[in-house]
Amino acid sequence: MLISFLAVNVLILLGISKTWTYFNSGAERSDMLHLGTGVTRGPKAEVVWQEGRSRGRPVSRQERNEIEKGYLLAWRSMEKSLASNSVEWAADRFTDQALHRLKRQLIHNSQEGVTVKGVTLEHHPRIEFYSADGKIVVIRDDRLVQYRETFLDDALLTADTDTLSYKFILLLQDGNWRIRQVIKTTWGKTENASEPAIIKTAALTNEIRGFNYYPRESAWKIFGPGFDPDPISTDFDNISSMGFNTIRVFVPYQEFNQAGTSALGMMQLQQMMDIASENDLRVMITLFDFYGNYDQGDWLATHRHAEHLVKFLKDHPALLAWDIKNEPDLDFKNRGQDNVVSWLKNIIPYVRKWDPDHPVTIGWSSPEAAGLLEEDVDFVSFHYYDSPADFQKRYHTLKKRVHKPILLQEFGYSSYSGLWNLYMGSEQKQGEYYRDMMQTIRSENLPFLSWTLYDFDEIPGKVTGSLPWRKKPQGYFGVIDGQDNEKEALQYLKTGK
């Protein structure tokens with residue numbers, strides 16, 4: 001009876017863990033945009049108004065803002081209608097005549113089994129005409145950048161980022177700007193904007209020695225109400241004094257955007273960067289941690305998040321590089337590899353656009369995954385938590401596949417010894433792991449970031465789920481224990497001997 005009772009409880013815990021993992025694979029799932037019929041809200045695409053003479057009445061700044069708002073809502077409504085083959089999304093944003101034309105196109109698409117899903121990332125509009133009564137406006141939108149997927153009977157046919165040019169005639173009715181006519185003038189694939197930054201990436205990455213960093217008392221919660229600069233300053237001074245030069249810091253996407261990009265979080269991030277600079281440490285920033293949606297409806301929100309962070313920090317002297325996403329390959333199973341890869345490929349060129357001077361990478365969870373998207377990044381980053389005996393072989397396999405500098409972005413071993421691993425762990429075994437790993441790392445001249453500096457008393461459930469045999473070991477990956485004692489592993493990490 002006791003065995004049966006334990007077995008039932010284990011199954012229940014496994015079920016809970018599987019459910020939790022689905023919603024948090026690789027990262028915490030962010031809320032999707034639930035937009036009802038008639039699009040009225042949501043993050044907007046990047047809009048850069050083009051100057052030029054327009055015919056008719058002059059346009060005030062307030063009028064242009066209202067025109068922009070109506071134009072973007074109308075455009076998004078058209079995208080939603082094309083994605084669902086339903087005209088009702090556009091009912092409030094098209095005139096009757098234009099709605100009739102759109103309906104005919106949607107009927108044709110539906111009969112042919114065609115669906116077009118798209119998200120527009122950039123608009124470069126210019127007002128060509130504004131009527132004297134303020135009721136009609138003609139907008140030319142050149143270099144409109146849109147990512148589109150075309151499906152035939154639910155099978156993906158094409159996925160492209162296009163640069164389009166349109167002319168729109170909008171009519172003001174009942175206080176709403178509505179599309180009266182759409183004229184496509186040109187279209188074509190965008191040129192590859194993902195060229196590597198003109199920087200000495202190899203020289204930068206070869207020197208990296210450091211840690212993935214969280215303060216001891218705020219694991220996975222570095223920003224927010226518990227932010228405290230004093231222990232961070234002490235930690236950074238210690239890290240620098242031990243001979244390390246780099247830290248990797250994670251921006252938790254959902255927490256940072258609960259009410260728009262957090263002003264408090266940005267201030268704290270700036271303060272942390274200042275402390276790093278004071279201690280001669282460079283910072284690699286992971287822009288997206290605990291994010292796992294990738295749906296096109298979420299792209300504009302993620303672009304605005306990245307844009308705000310990148311523009312805010314791009315000139316900071318402590319900034320080393322941008323890490324786009326932590327372990328995105330762990331989301332392949334639940335979110336679809338094509339969706340994850342499309343999101344990565346489309347956001348990287350924009351990070352380069354906002355900051356052309358710092359390198360870009362992706363934090364893949366294994367050396368096997370790290371060969372993906374090599375052409376889009378400046379250096380390749382991978383994580384490794386398996387046996388040191390296999391490390392050199394798997395690293396060499398990766399090295400043959402890629403032709404960019406390589407960073408071991410995470411590696412480590414838990415010293416946990418308790419019920420959930422049958423008391424088989426120890427600080428000695430952790431030390432042996434670091435001894436063997438550092439021998440290979442030194443012989444290969446491989447830059448590295450260890451996981452992590454401290455043991456942690458509390459591990460948030462979103463990191464490992466609720467299963468104790470997964471959660472407990474996670475608290476003992478540090479090379480400094482809970483009593484501030486250096487473990488044997490730290491000596492190997494410092495010397496490599």
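This is a predicted model: local features need pLDDT of at least 70, side-chain atom pairs count only at pLDDT 80 or more; totals for chains, interfaces and linings use all residues.
User: Okay, and what does the chain average for pLDDT?

Analyst: It averages 86, and 87% of the residues score at least 70. pLDDT is the predictor's confidence in each residue, from 0 to 100.

User: Where is the pLDDT below 50?

Analyst: Residues 19-37 are one such stretch, with 55 contacts in the model beyond near neighbours in sequence. Residues 189-198 also fall below 50, and that stretch has 23 contacts of this kind. A contact means heavy atoms within 4.5 Å.

User: Got it. What about the overall build: how many helices and strands are there?

Analyst: There are 15 helices and 15 strands. Of the contacts with a separation of 6 or more, 74% are between residues 24 or more positions apart.

User: How much of the chain is buried?

Analyst: Buried residues make up 53% of the 497. Buried means under 20% relative accessible area, exposed means over 50%, and partly exposed is in between, using a 1.4 Å probe and protein chains only.

User: Which residues touch the most others in the largest nonpolar core?

Analyst: Phe 236, Met 272, Ile 324, Leu 408, Phe 411 and Leu 493, out of 95 residues in that core. Helix α10 (residues 337-354) gives the most to this core, with 9 residues. There's a second, separate core of 25 residues too, which includes Trp 49, Trp 75, Leu 164 and Tyr 166. By core I mean a set of buried Ala, Val, Leu, Ile, Met, Phe, Trp, Tyr and Cys residues joined through side-chain atoms within 4.5 Å.

User: What does Met 272 touch?

Analyst: Not counting residues up to four places away in sequence, its partners include Ile 222, Phe 227, Phe 236 and Val 283.

User: Switching to rings: how many aromatic pairs does a whole-structure search find?

Analyst: It finds 35. Rings of Phe, Tyr and Trp (its six-membered ring) pair if their centres lie within 6.5 Å; planes under 30 degrees apart are stacked, over 60 edge-to-face, and the rest tilted.

User: Why is the pair of Trp 75 and Tyr 166 put in its class?

Analyst: Their ring centres are 5.3 Å apart and their planes are at 65°, so the pair is edge-to-face. Trp 75 lies in helix α2 (residues 61-84) and Tyr 166 in strand β6 (residues 155-173), so the pair ties together parts that are 91 residues apart in sequence. Trp 75 is buried at 2% relative accessibility, and Tyr 166 is buried at 9%.

User: What about Phe 211 and Phe 244?

Analyst: They're an edge-to-face pair as well, 4.9 Å centre to centre with 65° between the planes. Both residues are buried.

User: Which residues have charged ends sitting over rings?

Analyst: Lys 80 has its charged end over the ring of Trp 89, 4.9 Å from the centre. Lys 117 sits over Phe 151 in that way, at 5.1 Å. To count, NZ of Lys or CZ of Arg must be within 6 Å of the ring centre and within 35 degrees of the ring normal.

User: Where's the cis peptide bond you'd point me to?

Analyst: It runs from Trp 451 to Thr 452, with omega near -5°. Thr 452 is in the loop between β15 (448-450) and α13 (461-464). Trp 451 also belongs to an aromatic cluster with Tyr 214, Trp 220, Phe 250 and Phe 456.

User: And what is phi like at Trp 220?

Analyst: It's positive, near 60°, in a residue other than glycine. Most residues other than glycine have a negative phi, and most peptide bonds are trans. Trp 220 is in the loop between β8 and α5, and it's buried at 8% relative accessibility. Phe 290 has a positive phi too, about 55°, and that residue is buried at 7%.

Terms used
Residues are numbered from 1 along each chain as its sequence is written. Side-chain values use heavy atoms; hydrogens and water are left out. Helices (H or I, at least four residues) and strands (E, at least two) are DSSP runs, numbered from the N terminus.
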